[in-house]
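Let's walk through a protein model together, one piece at a time. Have the picture open while you read, and look for each part as it comes up.

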Amino acid sequence: MTDLREQAEVPEHLGVQRHVTGGGARLYTLTLRAFPHLPVNAFLVLTGDPARPSYSALVDMGSSLEPSQQGLLSALEAIRTDHGEAWSWETLSRLIVTHPHPDHVGGLPLVRTLTAAPVAAHATGVPTLERPEARRAAQLAAIEGQLRRLGVPEGEYAERLRRRAGNLMIPSSVKVTTPLTDGDRLDGLFDVIHTPGHEGAQICLRVGEVLLSADHLLPRNSPPLMPAWMLPGGGLGAYLASLDRIEELEGVTLALGSHDGPMRDWRGRVRVLRERYADKGRAVLEAASTPQTAFELTLAVHPRLRSPQALLLLDQTAALAEYLSETGQLREERGPAGESRYTRR
């Protein structure tokens, strides 16, 4: 691979935005090209004199792909040259992982070669970061049972799900110095809010009146969900409960998600997401007039399934069916091959 540090001046990033809290913390949003069609945001947070910051933290690091890594380095260089922030890899105070997905932590092994700053992540995400091969082995061991329970027939989608199960969340192991739990105050600056649903180990971070909302709250999309039986800490029930958690926050005037732009009316966005999932639930209930597997329900609700989002739609439908069963709106029965079949009550 090209020495990315030598190419940090190349403007590979997609933009840098600056927000300043009432307490004087500077939050820089670094928009990177995590994958060819997926931009992602990382964040650099600084306090103290810009000429000599007293604290600096990098929140998420983009993916392991070279364009993302080059973008991260060039965006960080732009913060130094264009905004006069004299941060450095040598004095960086902290690395923080919001959740262990490839578009957020794939760049962490590279960053680890540049700084000795300690890594913080939710305690339930530590095994993925420190033993990524073990998580992949567990995914591969579980996939055949998952295919049966979802009711996915042999063919294109089964093979795509098997390939996905073989993905690593992070390309190599990184030691976590500070395991986090809900309610922690990290480094006297970040309030940690555990927000499972999209990922069991996901956290949001509050800095004064600003909420770094990770993939939990996004301005344009609802976050991908899997049922809890596929992803511990996942599921629509956990996600909606986490929405309740952040909606209780007082004094937050701005939310910055891990994708797309800032959210001033973030409470309005919470309402929209609740309504969207209610609409999706009604569509699943309507389709479940006779016993249907999650795969069959997905085809019924999304008849044009041959799209790049097909697996995410299958995950989402399975999460909706699980939640509707938990809330007594669907009846779940197991078939002879181990498939779950759902019927409207």
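A residue is called buried when its relative accessible area is under 20%, exposed when over 50%, and partly exposed in between (1.4 Å probe, protein chains only). Aspartate 60, with a relative accessible area of 1%, is therefore buried.

Before going further, a word on the model: it is predicted, so local features need pLDDT of at least 70 and side-chain atom pairs count only at pLDDT 80 or more, while totals for chains, interfaces and linings use all residues. Residues are numbered from 1 along each chain as its sequence is written, and side-chain values use heavy atoms, with hydrogens and water left out.

Most residues other than glycine have a negative phi. Aspartate 60 is in the loop between β4 and α1, and aspartate 187 is in the loop between β8 (185–186) and β9 (190–194). These labels come from DSSP runs numbered from the N terminus: helices are H or I with at least four residues, and strands are E with at least two.

Strands of a sheet pair through backbone hydrogen bonds, either parallel or antiparallel. Here, two strands count as paired if DSSP finds at least two bridges between them.

Isoleucine 96 stands opposite alanine 120 in β6. Three bridges join β6 to β7, and these strands run parallel too. Here alanine 121 has proline 179 in β7 as its bridge partner.

Now look at the loop between β1 and β2, where threonine 21 lies. With 7% relative accessibility, threonine 21 counts as buried. Leaving aside neighbours within four places in sequence, threonine 21 is in contact (heavy atoms within 4.5 Å) with Leu27, Val207, Glu209 and Val210.

**The six-stranded sheet**

Another open sheet has six strands, ordered β8-β9-β10-β11-β12-β13, again with mixed pairing. At its edges stand β8 and β13 (262–263), each with a single partner strand, so one side of each is left without a neighbour in the sheet. Within this sheet, β10 (residues 203–207) and β11 (residues 210–214) run antiparallel, joined by three bridges. Leucine 205 stands opposite leucine 212 in β11.

**Two helix pairs**

Two packed helices are described by the angle between their axes and the distance between the axes.

| Helix pair | Axes come within | Crossing angle |
|---|---|---|
| α6 (residues 156–165) and α10 (residues 310–326) | 11 Å | roughly 90 degrees |
| α8 (residues 266–287) and α9 (residues 294–301) | 9 Å | roughly 110 degrees |

Angles under 35 degrees count as roughly parallel, over 145 as roughly antiparallel, 65 to 115 as roughly perpendicular and the rest as oblique. Therefore α6 and α10 are roughly perpendicular to each other, and α8 and α9 are roughly perpendicular to each other as well.

Which residues make these contacts? For α6 they are Tyr157, Arg160, Leu161 and Arg164, facing Ala310, Leu311, Leu314 and Asp315 of α10. By class, this contact has five nonpolar, no polar and three charged residues. In the other pair, Ala283, Val284 and Ala287 of α8 meet Leu297, Ala300 and Val301 of α9. That contact has six nonpolar, no polar and no charged residues. Nonpolar here covers Ala, Val, Leu, Ile, Met, Phe, Trp, Tyr, Cys and Pro; Asp, Glu, Lys and Arg are charged, and the others, Gly among them, are polar.

Terms used: Axes are lines fitted to C-alpha atoms, for helices over the stretch in contact, and angles run from 0 to 180 degrees between N-to-C directions.
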